[in-house]
Every structure is written in C-alpha cells, then in structure tokens.
Amino acid sequence: MMVCEYKPGLEGIPAAQSSISYVDGQKGILEYRGIRIEELAAKSTFLETAYLLIWGELPSKEELKAFEDEVRHHRRIKYRIRDMMKSFPESGHPMDALQASAAALGLFYSLRDLHNPVYIRDSVVRLIATIPTMVAAFQLMRKGNDPVRPRDDLDYAANFLYMLNEKEPDPLAAKIFDICLILHVEHTMNASTFSARVTASTLTDPYAVVASAVGTLGGPLHGGANEEVIQMLEDIGSVENVRPYVEDLLQRKAKIMGFGHRVYKVKDPRATILQNLAEQLFAKFGADKYYDIAQEMERVVEEKLGSKGIYPNVDFYSGLVYRKMGIPTDLFTPIFAIARVAGWLAHWKEQLAENRIFRP
C-alpha cells in the first residue's frame, strides 16, 4: 500500500494546471495571462482585465465595447431577490448576504448548459454585472432605505460607488476603485479559487460556484483580513504604540494581520500599488492618521521579521484606501468579492475544459 505524505492545507501540492495567472513569490511578480500587474493597473480597466482572464486574451476595441455594454445592461436584479434581501437581518454580515443572494440568483437561471458558449457568456455577464448591485443594495437596505437603481451612463466602478453612496463619485476615487478591482481580481490557487474549482468540478451551475467561493473568501485568514487590519490600526491608536504592540504580538506568537503570505517572501506587488493609490487619495482628500501608523508598522515588522520573508500583503493597505472613500469596514471583503468573481469565473471556465471531479 502506497503511503502519501500528508500536507496540512495542501501546501505545495499542485491542484490544477492553469494558465490564468502566475506568481513568483521570491521576486514579487504577479502576472495575469502573462501581463504584469503593474502594467494592467496603469493601462487597463477592470472589465478589460476580466475579459483577459476569462477568455485568455485582451479584447479588441469592438469586443471590449460589446462586453461593457452587456455588463452595463444586466446590472439590475430581480425584484424577488431584492425582496428576499429586505428580509435579511440588519445585523448580518454583508458577506453572508452576498453568499445567499448569489446562490438565489441561480434559482432564476437554473438551466445548466455547460457546453454552450452562449450560456457561459451570459452567466459571466450576469454575475459580473449583478454582484456589485447586490452588495450596494444590502448596504442601503440594512439602513432601512431602498436600493439605488444602477445608472447606465456610468462605468463599472463609478456606478458601484454611486449605488453605494447615492451620489456620483469623484473621478479620481472612481479610477482608483477600478484599479483596486484589477488588483483583487485573481491570484492563482488561493483558498476561494480552490473552493470554486472544487464546486465547478461537480458540474453544478456557476451561481453555486460563486456562492461557495464567497463563503470561503469571508474568513479572516483570506479576504476578511483587510477588515482585521483596520481594527488592528485602530487598536494601536498612535505611531508611538506601534513598536510595543508588535513586540507583544511576537512574544505571544500571534498573527500580525496584513503581513505574510503563503507565496510571497517579499512585499506583495499589489500592496506597493495600493500604497501609492492611498497616497493619491490622501493628497486630494486629506491625510489619514492610520496611514502613519501603518507605515511605522511596516518599518517595525520588516525590522523584526523581514529576514523571514514577512512583508505587507494585499490586505494591509487596501482597507485604508476603502476607508478614505467612506466605505464601511464590513464592506471591504464584499468589494474583494466583486473583483474576484471574474477570477473565479475564469477558473470555472478553465475547469470545465478538462474536468475531473475533485476527490482528494
């Protein structure tokens, strides 16, 4: 009888062959379909990047416009889903509301025609278009307000911020938010993507695939870490408290939220871009004292743990960006999901191409 070595968390064990993205954790490189994340953040848009990931190549101008128009005109959600969301408890976490809503969406499109390219495209468009609407709708509903209807004249990022805040966003804020979505859209075989592929391998519908991935993303060891970072910075309170706070965590061997990564042994390239975006926001809309605390924390942690490859990850600065936009802390992870849906769908599509059900 052959005995296989057990690896907790499947660390280092290949789970699938994928050409969607690539990470070099030693050099701090992240690529989507062979294109560096820095180039996409500087030159692309979220929907163009989503198209690249899902269909494997950058769209032509005509293809991009067609895709943007399809997404633009599928943003509205069924009134029955809206009514269902109104019955959710106001105290419920938005990630739980999003998971339930994404699963419910599948009830209205229950036909599973997984070999039909039209079904694949329609599902991709519908999920990318409606997930932001669901997140914004629940945010207003839990305050006792009706959701704001999407605006067809606004692009993807600006429309979400409009639905969330009931006012048209500043162009800089909308542009930075769009870049944030690019940074969060995909990252190889992380926990939620693995969850998506396992669910996809059963040949269920894409709404169940996304719902399972949303549930996985919600944990504090995955997407929920950016919420924990803001709480940590608030607990520290001042630059002077950073060093004793970090030393106490190290003495107790407690996790420092926003630092360290299973793959990266240098600073996460997404964290570097997010830090620059935060500084752009502060330059226009005013400073944030928690950014000074975060910078000092990065210095202290690098001094203490840099030799072990512990540096800021994508969660460390993303919360500061969203905070400056006036976004509530418990919406940080649902926003992560808005972006990552496109990555999950790219893996869903890739899994279907050469499927074998996962059974470890």
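## Helix H13

Helix H13 covers residues 269–285; helices (H or I, at least four residues) and strands (E, at least two) are DSSP runs numbered from the N terminus. Its 17 residues should span 24 Å at 1.5 Å a residue, and the end C-alpha atoms are 25 Å apart, which agrees. The expected span is 1.5 Å times one less than the number of residues. Gly286 follows H13 and has a positive phi, near 105°.

This is a predicted model, in which local features need pLDDT of at least 70 and side-chain atom pairs count only at pLDDT 80 or more, while totals for chains, interfaces and linings use all residues. Residues are numbered from 1 along each chain as its sequence is written, and side-chain values use heavy atoms, with hydrogens and water left out.

The buried residues of H13 include Ile273, Leu274, Leu277, Leu281 and Phe282, and also Arg270 and Gln275. Buried means under 20% relative accessible area, with a 1.4 Å probe and protein chains only. The buried residues of H13 pack against strand E2 (29–32) and helices H1 (37–43), H8 (171–184), H14 (289–305), H15 and H16.

Tyr290 lies in helix H14 and counts as buried because its relative accessibility is 12%. Not counting residues up to four places away in sequence, Tyr290 touches Leu233, Glu234, Leu320 and Arg323; contact means heavy atoms within 4.5 Å.

Glu296 is also placed in H14, and at 17% relative accessibility it counts as buried. Beyond its neighbours within four places in sequence, Glu296 is in contact with Val239 and Val242.

## Nonpolar core

The largest nonpolar core has 120 residues. Such a core is a set of buried Ala, Val, Leu, Ile, Met, Phe, Trp, Tyr and Cys residues joined through side-chain atoms within 4.5 Å. Phe46, Ile128, Phe177, Met297, Ile327 and Trp348 have the most contacts inside the largest core. Helix H6 (residues 117–141) gives the most to this core, with 15 residues.

Leaving out residues up to four places away in sequence, Trp348 touches Leu114, Tyr119, Ile120, Ser123, Val124, Ala200, Pro206 and Val209.

## Largest pocket

The largest pocket has a volume of about 1400 Å³. Of its 44 lining residues, Met189, Asn190, Ala191, Arg262 and Val263 are the closest to its centre. A pocket is an open set of points on a 1 Å grid over the protein atoms alone, where a 1.4 Å probe fits, with protein on both sides within 12 Å along at least five of seven lines; lining residues have an atom within 4 Å of a point. Points are joined across faces, edges and corners, and the volume is the space filled by probe spheres set on them.

Strand E1 (21–24) and helices H9 (191–200), H15 (314–324) and H16 (332–353) each supply at least two lining residues.

Methods: Buried < 20%, exposed > 50% of the residue type's maximum accessible area, 1.4 Å probe, protein only.
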